[in-house]
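Here is a short tour of a few spots worth a look in the model below. Have the viewer open as you read.

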Amino acid sequence: MSSETAVSGNGRGSALSYPLPLEDALEPPAAWAVLREEAPVAPVVLPSGDGASLVTRYDDVKQVLSEPRCTRQLDADDAARVSANESGGVFNDSMAESLAGAGQQRWRRMLTKWFTAKRMTMLRPDIEAMTDRLVDEMVERGHPADLKACVGFPLPVWVICALLGVPDSDRDRFARWSDMLLNLTRYGQEEIDAAQAQFHAYMAGHLEAKRADPGDDLLSTLITTTDSDGGRLTDAELAATGQALLIAGHETTANMIGKMTAMLLADRTRWERLVADPSLVRTAVEEALRFDANPGFGMPRYVKEGVEVAGAEVPRGSTLVCSMAAANRDETAFEDAGRMRLDRSPNPHLAFGAGPHSCLGQSLARTELQTVLDVLLRRLPTLELAVAPEELRPVEGLVVGGLREVPVRW
Amino acid sequence: MNVTVDEDKCCGAGACVLAAPDVFDQRDEDGVVVLLTAGPDASEHAAVREAAEVCPAGAITVSDS
């Protein structure tokens with residue numbers, strides 16, 4: 001528990017509750033601009049009741065995420081807990097422990113070589129075929145349809161199953177486990193435990209099968225690869241890798257597909273511009289990532305040695321929460337930050353973090369988002385929201401933000 | 001234009017390869033950046049500047065010499 005005095009207050013007395021309430025599913029909280037201006041390192045109270053400090057300016061978020069003294073040791077005795085539930089959520093679970101034991105950097109190196117931009121670009125035709133199939137099924141069922149349920153939710157799981165060499169016939173089970181493991185608020189602890197057990201049993205059998213008959217998937221590669229020190233990943237680490245890919249790559253991308261489409265359709269001139277000029281897809285995806293006002297919790301960091309952020313001393317033992325989304329709306333970093341400019345370039349947004357721990361799967365996420373947008377523009381140029389943008393509702397989840405449904409017609 | 005990369009800083013995100021695939025690549029062994037040319041053609045300059053700007057690790061430096 002970091003103390004409330006970690007960072008001097010902003011003179012207003014009490015700390016804000018974090019996450020900040022969203023007034024509108026697609027619009028940023030009004031507090032962001034005030035915080036960036038007046039309280040760049042603001043005391044907040046997390047759902048657990050523990051205190052932390054919220055960082056909202058672009059330069060500061062980038063600095064903290066790249067700063068080695070701001071660590072991911074959120075299991076330190078005096079680190080703020082994000083939520084009060086016993087598992088501590090995805091920021092502090094057994095998977096993270098197992099991988100920390102493996103030496104996170106070693107694990108990351110072994111995965112990074114698999115997630116290169118070139119390799120992800122090679123997956124593109126497969127991702128496109130999967131998207132076309134999901135769009136076929138959605139069109140067959142007719143409109144109005146929930147684009148999130150029909151395309152956004154299944155596509156990333158299908159992609160992860162392909163990466164892991166999981167057969168098509170098992171991917172619906174995978175999707176269900178993923179949903180249960182991630183939606184800590186929607187299911188009871190018993191259901192989550194059961195899903196966890198089933199998932200681990202499945203992964204154990206799957207690893208066995210891959211060992212006997214390796215394919216060209218990520219797990220087969222990891223099973224047979226030794227790193228430069230001659231080390232291999234253990235079965236526990238390999239199973240944890242599968243779960244890590246689901247945690248990192250499913251709900252995040254699924255929600256982003258929904259939010260991206262909703263943002264582009266909420267002001268339909270955006271969609272029409274892309275239909276007229278699909279070469280803007282690449283920059284439009286980056287701008288959607290930057291413009292996302294509801295990406296979720298942000299990135300917590302435990303301060304292991306005192307640092308200075310925005311001119312304030314942040315003592316050792318504090319917990320900082322970086323709001324990449326608030327930073328992405330910082331007018332000092334982005335001209336016209338409050339406007340969605342589909343051709344913005346360069347667009348050094350922080351949606352994937354920054355520094356040595358920035359998102360390992362960002363090339364995959366980019367490839368998926370670009371492919372989905374390409375396919376939707378080609379297949380459904382008349383796509384529109386089936387509800388007024390104000391009627392879109394944010395999901396309840398704590399970690400990853402998104403829209404409950406994205407009702408569309410065409 | 002002169003381009004340099006810092007392999008130690010590189011985190012293997014591959015953003016540079018997506019921005020300027022004719023100038024940047026990633027090593028097969030560990031995904032670390034490979035500079036294909038330190039003096040790219042003028043037609044690549046905008047893409048290279050973008051790659052440097054969007055690199056999450058700040059591992060790419062561009063100078064106008």
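## A:Ala310 and its surroundings

A:Ala310 counts as partly exposed, because it has 17 C-beta neighbours inside 10 Å, and that count lies between the limits of 12 or fewer for exposed and 20 or more for buried. Keep in mind that this is a predicted model. To find A:Ala310 on screen, go to the loop between β7 (307–309) and β8 (312–314) of chain A.

The backbone is worth a click here too. A:Ala310 isn't a glycine, yet it has a positive phi of about 55°. For context, most residues other than glycine have a negative phi.

## Another positive phi: A:Asp336

A:Asp336 is also not a glycine, and its phi is positive, near 55°. Look for A:Asp336 in the loop between α16 (324–327) and α17 (362–379) of chain A.

Is A:Asp336 buried or exposed? A:Asp336 is exposed, since 9 other C-beta atoms lie within 10 Å and the cut-off for exposed is 12 or fewer.

## Two cis peptide bonds

Most peptide bonds are trans. Chain A has a cis one going from A:Tyr18 to A:Pro19, where omega is near 5°. A:Pro19 sits in the loop that runs between β1 (16–17) and α1 (31–38) of chain A.

There's also a cis bond from A:His143 to A:Pro144, with omega near 0°. You'll find A:Pro144 in the loop between α6 (124–141) and β5 (145–146) of chain A.

## A:Glu140 on helix α6

Helix α6 of chain A holds A:Glu140.

How far apart are A:Glu140 and A:Cys322 in space? From C-alpha to C-alpha, A:Glu140 and A:Cys322 are 43 Å apart, and in sequence they are separated by 182 residues.

## Where chain B meets chain A

Now for the contact between the chains: 18 residues of chain B touch 20 residues of chain A. On the chain B side, α1 (15–19) and α2 (45–54) each supply at least two of the residues that touch chain A. Which element of chain B gives the most to that side? The answer is α2(B), with four residues.

Sorted by class, the side of chain B that touches chain A is made up of eight nonpolar, six charged and four polar residues.

Technical notes:
Residues numbered from 1 in each chain as written. Chains lettered and ligands numbered in written order. Predicted model: local features only at pLDDT ≥ 70, side-chain atom pairs only at ≥ 80, totals over all residues. Contact = placed C-beta atoms within 7 Å. Nonpolar A, V, L, I, M, F, W, Y, C, P; charged D, E, K, R; others polar.
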